[in-house]
Amino acid sequence: MEERKHPIQRLMDNTWLLLFLGVVLTFISYTAWGVIELMSLPNATLP
Amino acid sequence: MSTIAIAGTPQASEPPANVAGNHPAGAVRKCDTTGLPVCKTAERYVKLNAVMAVVFLLVGGVSALLLGLTRWPSVHLLPVDWFYRILTAHGLNMLIFWIIFMEVAILYFVGTTLLNSRLASKALAFTSFAMMLTGALLVNAMVFTGRADVMMTSYVPLRAHPGFYLGVILFAVGTLIGVINFFATVYIAKRDHTYEGSVPLVAFGAIAAAIIAVVTLLHGAIVMIPAFLWSLDLIGQPDAAWYRLVWWGLGHQSQQINVAAMVSVWYFLAHITTGAKPLNQAVCRGAFVLYILFINIASAHHLLVDPGVGATWKIWNTSYAMYLAVLASMIHGFTVPASVELAMRKKGFDKGLFGWLFAAPWRNPGFSAFFLSLVIFGFLGGITGVTLGTQQINIIAHNTLRIPGHFHTTVVGGTSLAFMGLCYYVVPLVFRREYAWRGLVRVQPYVFAAGITLMALAMSFAGSYGVPRRHWDIEFSGAPFSPGFDAAAHFMMGLVGVGAVVAFIGLLVFILLTVHAVFLGRSNEGRAMTAW
């Protein structure tokens, strides 16, 4: 009987999926969210 | 039943591996020591990148000595303008050029030798190397001629000559091309079935490093291209807060490439020096996956005192998610020495709890460099890093010498020392030249480790007394006030200088011995390398 790979093993053997996840997670969690926070800042009012 | 595969284990659904690899005729040789295949094209670029890595290490090392002697209060060597100039050169040459040239060499070695594949493209390898070298030389030319006194971070509104930004862009794009060449090699190796089962663990770690490099270099392009255009007066000044956010996506993440590459080197050196094998492939690979997914967001540490980003963003990126990457480092920190312990016990060194450790090959510089790197990175770097990444502590420690104290244990005591240990095998196996003065080689890792540990600890303690980082004169000579640092802080700054001198001696010994071996060393072609 042909053995099925464990899903985590399939993930670890899929370089391209790891590349995609590595890029996307960082850009969402750090970059995009951070830029949105900066863009949401109200302009400072002069005294 | 689903299974977790072990490297080198053929899967039922896969055809058998092509043991001859996919090398064109005459383009491969068999290593006289390990029996592994060596792609001759890749070998040439491994050599070129490794040589340039050591050249830039020398530039960064001399800069380090000058900085150490300036921050040593009783010496205070450099004038103020040259202090910041040399600081800029030190950061870029050590953190970027030395390490990334070495990492590209590692990628080519891993992609071709461990995966038994030809290098995907000679043209890409040449383009990558030429762009990286041109970029690095251009950056150094700008810095040493005083046209880029902006330090490594080059925060706007500080503005350098356009050649500086162009050099960084050339280097980053060149590196990206090298990484693409590596991924293409991984692709053709899998396509041509040059290995069985999953890729070897060391190759998996290199893939993790390459993925992190892609994220890093994309951030570099996003931030450096606008800065370059601004330096040419083609666009307005980029927003300072935006610049800092995206720049750290380049600056900190480039150090995460180091972490993944360094851990791969640990596994490699543990195996080649003691015969150690990973205790559990799935756990070790899972730890690398945690790096890929979560380590990059640690860049947020640098913005913990920035007012522009909110607490939720800071806490998520520096705590909850990032701790998964810390978990990965802890896994590697335990599994690597445990694999050495198991290997040593199997050889019969099983007396008591630590008999295996005392019997370890401490005279082998590959082993001592790797093990000292592991201890310095894991204990000193890990503990200082996690505490500094906590918002409440960071607000106290930010911009003090505690920060350089941390990263000198990770990237210098950790990565650089591991890469030095790697060189003690790269030169005999790839350059096929033997090291001379082997007694001196055996001592070198200990001297360098002692110096860098003393310097980094002294930096950390001085920082705890409030001594700022990146500061030419903590006494504020001529100012109408006195900062009033504790006498212990001055003592610590003296130790920083002593540690820097000792570390530099260790570094210089490494460079001289390696350059001598590469150009004048006894050839070992046709026979196995002389065992350490």
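1. Let me start with burial in chain A. Of the 47 residues in chain A, buried ones make up 19%. Please keep in mind throughout that this is a predicted model. The C-alpha trace of chain A spans about 75 × 15 × 10 Å along its principal axes.

2. The make-up of chain A is quickly told. Its secondary structure comes to 2 helices and 1 strand, and the pattern along the sequence is β-α-α.

3. On confidence, chain A averages a pLDDT of 90, with 96% of the residues scoring at least 70. Within chain A, the lowest confidence falls in strand β1 (residues 4–5), with a mean of 82, and the highest in helix α2 (residues 15–39), at 96.

4. Now to where the chains meet. The contact involves 25 residues of chain A and 34 residues of chain B. On the chain A side, the elements giving two or more residues are β1, α1 (7–13) and α2. Helix α2(A) supplies the largest share, 16 residues. By type, the chain A side that touches chain B divides into 11 nonpolar, 8 polar and 6 charged residues.

5. A:His6 may be worth a look while you are in chain A. You will find A:His6 in the loop between β1 and α1 of chain A. A:His6 has 15 other C-beta atoms within 10 Å, so this residue counts as partly exposed. From A:His6 to A:Leu17 there are 11 residues in sequence and 15 Å in space, C-alpha to C-alpha.

6. The axes of helix α1 (residues 40–71) and helix α16 (residues 487–520) of chain B come within 9 Å and cross at roughly 160 degrees. Angles over 145 degrees count as roughly antiparallel, and therefore α1(B) is roughly antiparallel to α16(B). The crossing of α1(B) and α16(B) is left-handed.

7. The contact of α1(B) with α16(B) divides into 17 nonpolar, 4 polar and 1 charged residues.

8. Phi of B:Met151 is near 60 degrees, a positive value in a residue other than glycine. Is B:Met151 buried or partly exposed? With 19 other C-beta atoms within 10 Å, B:Met151 is partly exposed, because a buried residue needs 20 or more.

9. Another positive phi occurs in chain B. B:Arg470, a residue other than glycine, has phi near 50 degrees. B:Arg470 lies in the loop between α15 (438–464) and α16 of chain B. There are 16 other C-beta atoms within 10 Å of B:Arg470, which means that B:Arg470 is partly exposed.

Methods:
Residues numbered from 1 in each chain as written. Chains lettered and ligands numbered in written order. Predicted model: local features only at pLDDT ≥ 70, side-chain atom pairs only at ≥ 80, totals over all residues. pLDDT = per-residue confidence, 0-100. Helix = DSSP H or I, 4+ residues; strand = E, 2+ residues; numbered from the N terminus. Contact = placed C-beta atoms within 7 Å. Nonpolar A, V, L, I, M, F, W, Y, C, P; charged D, E, K, R; others polar. Buried ≥ 20, exposed ≤ 12 C-beta atoms within 10 Å, placed from the backbone. Axes fitted to C-alpha atoms, helices over the stretch in contact; angles between N-to-C directions. Parallel < 35°, antiparallel > 145°, perpendicular 65-115°, else oblique. Left-handed = near helix turned anticlockwise from the far one by under 90°.
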